[in-house]
Amino acid sequence: MSDKLTEIMAHKRIEIRDRVRPVREEELSRFAAGDTGRLSRALRDSEEIAVIAEIKRRSPSAGDISAGLDAVEQARHYINGEADGLSILTDEKYFGGSLRDLWDVTDFLRDRGRPTPCLRKDFMVDPIQVLEAAEAGASAILLIVRALSIDELKRLREAADLAGLDSLYEIHSEEELETALSLDPRIVGVNNRDLSRFVTDLALSEALIPQIPDDIVTVSESGIFTGEDAGRAREAGADAILVGEGLVRAEDPAALIREFKEA
Ligand SMILES: O=C(O)c1ccccc1NCC(=O)[C@H](O)[C@H](O)COP(=O)(O)O
């Protein structure tokens, strides 16, 4: 695992330590309500390349991106641009996010009558975080394959399934792809960012996405800024792109989402 990711995961395990407790099946399953797989369906149903638009104030690679960003206002731009899904970074220390952002955005979407699915983008290590995601209205969680043991991946997936949440398996190598494929994924995301050097390269999506079976929804993540980048991801066979910094810095995020979709 890269140094930064090791540091973040170690921090996360300490941060959640006081909240960890056994999570009962009934606590999770009351959220399932027959609507499992909302994110994977939304991404697959999109006629153009689907866009998951991310809310992110800062990151280890970019530093401050938009320290004062209002999560709901940003979500409003994304909805105006017809984003197919939203990704909300809930990690405070490294990304400036919070669970409050997730609650606020899902409340906003519900009030607007918009069912746009939200991904809780965080460093998941324990089922309690899956329960928190479901309580806050998320439709999906992130599982970073290189950061978790097989047992942890299975335990988190089981909790997500019980709560009716999709699991996005994030990979960065062929070996991680093999691991993800052994776990019957509905969604696999290729993270173009090398977390040890902090450089992004869409060539990774171009190499890995064609190796993913067609019945799995594929997402190209990180380092996408232009219509041309989105076109490269689409050419590689991606069903969706996940874009953070490019959209947060954009003067008109809704227009940029439309540009991605037209690429
Ligand atoms: O973005 C980082 O610097 C980072 C560092 C360590 C772990 C994860 C990190 N990013 C999380 C993400 O996956 C991105 O926020 C997401 O893919 C969007 O990337 P971008 O469009 O390049 O902002």
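The buried residues of helix α10 (residues 227-235) are Gly227, Asp229, Ala230, Gly231 and Ala233. Buried means under 20% relative accessible area, exposed over 50%, partly exposed in between (1.4 Å probe, protein chains only). Helices (H or I, at least four residues) and strands (E, at least two) are DSSP runs, numbered from the N terminus. This is a predicted model: local features need pLDDT of at least 70, side-chain atom pairs pLDDT 80 or more, while totals for chains, interfaces and linings use all residues. Residues are numbered from 1 along each chain as its sequence is written, and side-chain values use heavy atoms, without hydrogens and water.

**Exercise 1.** Find what covers the buried residues of α10.

*Solution.* Contact means heavy atoms within 4.5 Å. The cover includes β11 (217-221), β12 (240-243) and α12. Next, look past the helix: α10 is followed by Gly237, with a positive phi near 105 degrees.

**Exercise 2.** Describe how α4 and α12 pack.

*Solution.* Start with the geometry. Helix α4 (residues 71-80) meets helix α12 (residues 253-262) at about 40 degrees, with axes 7 Å apart. Axes are lines fitted to C-alpha atoms, for helices over the stretch in contact; angles run from 0 to 180 degrees between N-to-C directions. Then list the residues. Gln74, His77, Tyr78 and Asn80 in α4 contact Pro253, Ala254, Ile257 and Arg258 in α12.
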